[in-house]
Amino acid sequence: MRFPEPWLSLCLVRSHDFTSHEFFRAITVWHRLMNFLSVIIIGAVLGGLDGVGIFFEPKEPYKWQILFAATLKGVLVALLTGFSLTATTRWWSAVVTGALYGFAFSLVIYLAKGGPKSGDAPYVIPSGIITGGFIGLFIIIWTIKKI
């Protein structure tokens, strides 16, 4: 019996309907998908927390756009960091990797906003480095390492 969605077949079909190889393969695929979604959620949450500070600036007219851009930046940093780490990566190396990717994306935003001529853009770089470091740390703890 085939279901239209593969994840439904995993949930609704009895375990003895699968061969042992198919069952463990389905579990492995589901686990990888959950890790991928966890990486995206970590990046979105930390990126959103990085961008929420814009609501304290009363003169900024594009608050929601900046929040969405910061969230997207967090997701992209998390994806790059997650694809760069392995199960043998140490926590400090994950923090440095995330911080480097956070620096790279923050530098792009800094230069796009006018670089040194912009008054508030220099604050993007330190917050991007710190957020990227935390993204790397949380990814290594929650999605890659089995503690």
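Among contacts in the protein chain between residues at least 6 apart in sequence, what share join residues at least 24 apart?

1. **Contact range.** The share is 62%, counted among contacts in the protein chain between residues at least 6 apart in sequence. Bear in mind that this is a predicted model.

2. **Overall make-up.** The protein chain holds five helices and zero strands. Read from the N terminus, its elements run α-α-α-α-α. The chain has 147 residues, and buried residues make up 31% of them.

3. **Helix H3 on its own.** H3 covers residues 63–84. Its 22 residues reach 32 Å from first C-alpha to last, close to the 32 Å expected at 1.5 Å a residue. Its buried residues are Leu67, Ala70, Lys73, Gly74, Val75, Val77, Ala78, Leu79 and Thr81.

4. **Helix H5 on its own.** H5 takes in residues 124–144. It has 21 residues and reaches 28 Å from its first C-alpha to its last, close to the 30 Å expected at 1.5 Å a residue. Buried residues in H5 include Gly128, Gly132, Gly133 and Gly136. Among the others buried there are Val124, Ile125, Ile135, Ile139, Ile140 and Ile144. Thr131 and Thr143 are buried as well.

5. **H3 against H5.** The two axes come within 9 Å and cross at roughly 50 degrees. H3 and H5 are therefore oblique to each other. Their crossing is right-handed. From H3, the residues in contact are Lys73, Gly74, Val77, Ala78, Thr81 and Gly82. From H5, they are Gly128, Gly132, Ile135, Gly136, Ile139 and Ile144. By class, this contact has five nonpolar residues, six polar and one charged.

6. **H3 against H4.** Here the helices pack at an angle of about 140 degrees, with axes 9 Å apart. H3 passes H4 in a right-handed crossing. H3 brings Lys73, Leu76, Val77, Leu80, Thr81 and Ser84 to the contact. H4 brings Ala94, Thr97, Gly98, Tyr101, Gly102, Phe105, Ser106 and Ile109. The classes here are seven nonpolar, six polar and one charged.

7. **Residues with two partners.** Lys73, Val77 and Thr81 meet H5 residues. Lys73, Val77 and Thr81 also meet H4 residues.

8. **Gly43.** Is Gly43 buried or exposed? It counts as buried, because its relative accessibility is 0% and the cut-off for buried is under 20%. Gly43 is found in helix H2, residues 20–51. Leaving out residues up to four places away in sequence, Gly43 touches Thr71, Gly74, Val75, Ala78 and Ile135. Gly43 and Ala70 are 27 residues apart in sequence, yet 9.7 Å apart in space, C-alpha to C-alpha.

9. **Ile109.** This residue sits in helix H4, residues 91–112. Ile109 counts as partly exposed because its relative accessibility is 28%. Which residues does Ile109 touch, not counting those up to four places away in sequence? They are Lys73 and Val124. Ile109 and Ala69 lie 40 residues apart in sequence and 9.7 Å apart in space, C-alpha to C-alpha.

Definitions and conventions
Residues numbered from 1 in each chain as written. Predicted model: local features only at pLDDT ≥ 70, side-chain atom pairs only at ≥ 80, totals over all residues. Heavy atoms only, no water. Axes fitted to C-alpha atoms, helices over the stretch in contact; angles between N-to-C directions. Helix = DSSP H or I, 4+ residues; strand = E, 2+ residues; numbered from the N terminus. Parallel < 35°, antiparallel > 145°, perpendicular 65-115°, else oblique. Left-handed = near helix turned anticlockwise from the far one by under 90°. Contact = heavy atoms within 4.5 Å. Nonpolar A, V, L, I, M, F, W, Y, C, P; charged D, E, K, R; others polar. Expected span 1.5 Å × (residues − 1). Buried < 20%, exposed > 50% of the residue type's maximum accessible area, 1.4 Å probe, protein only.
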